[in-house]
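This report covers a single chain. It begins with one residue and then turns to the fold, the packing and the surface.

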Amino acid sequence: MAVSWSIEEVQTFLSLVAEERIQRELDGATRNEKVFQEVAKLLGAHGYHRIYKQCRVKLKKMKSEQ
């Protein structure tokens, strides 16, 4: 079972993904595994432990819910 994301974790995730450099990399990449690996690493620095696939799925879900 997947561990749900806390509100604080989602806020941290969104602030990381919103960084201009990350946005540029996501815009230019069809294969964005490396970008999400970096986001997962940055989340880890904030005390949240996610793998890149969880980050990619979370962003996709959030975009589809808009």
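## Asn32

Asn32 counts as buried because its relative accessibility is 16%; buried means under 20% relative accessible area, exposed over 50%, and partly exposed in between, with a 1.4 Å probe and protein chains only. Asn32 sits in the loop between helix 2 (20–28) and helix 3 (33–45). Leaving aside residues up to four places away in sequence, Asn32 touches Leu26 and Arg56, where contact means heavy atoms within 4.5 Å.

## Basis of the model

The model is predicted: local features need pLDDT of at least 70, side-chain atom pairs count only at pLDDT 80 or more, and totals for chains, interfaces and linings use all residues. Residues are numbered from 1 along each chain as its sequence is written, and side-chain values use heavy atoms, with hydrogens and water left out.

## Fold and dimensions

The chain has 4 helices and 0 strands, in the order α-α-α-α along the sequence. Helices (H or I, at least four residues) and strands (E, at least two) are DSSP runs, numbered from the N terminus. The radius of gyration is 11 Å, close to the 11 Å from the globule rule for 66 residues, so the chain is as compact as a globular protein of that length. This radius is taken over C-alpha atoms, and the rule is 2.2 Å times the number of residues to the power 0.38. The C-alpha trace spans about 30 × 25 × 20 Å along its principal axes.

## Packing

Of the 66 residues, 29% count as buried. Among contacts between residues at least 6 apart in sequence, 49% join residues at least 24 apart.
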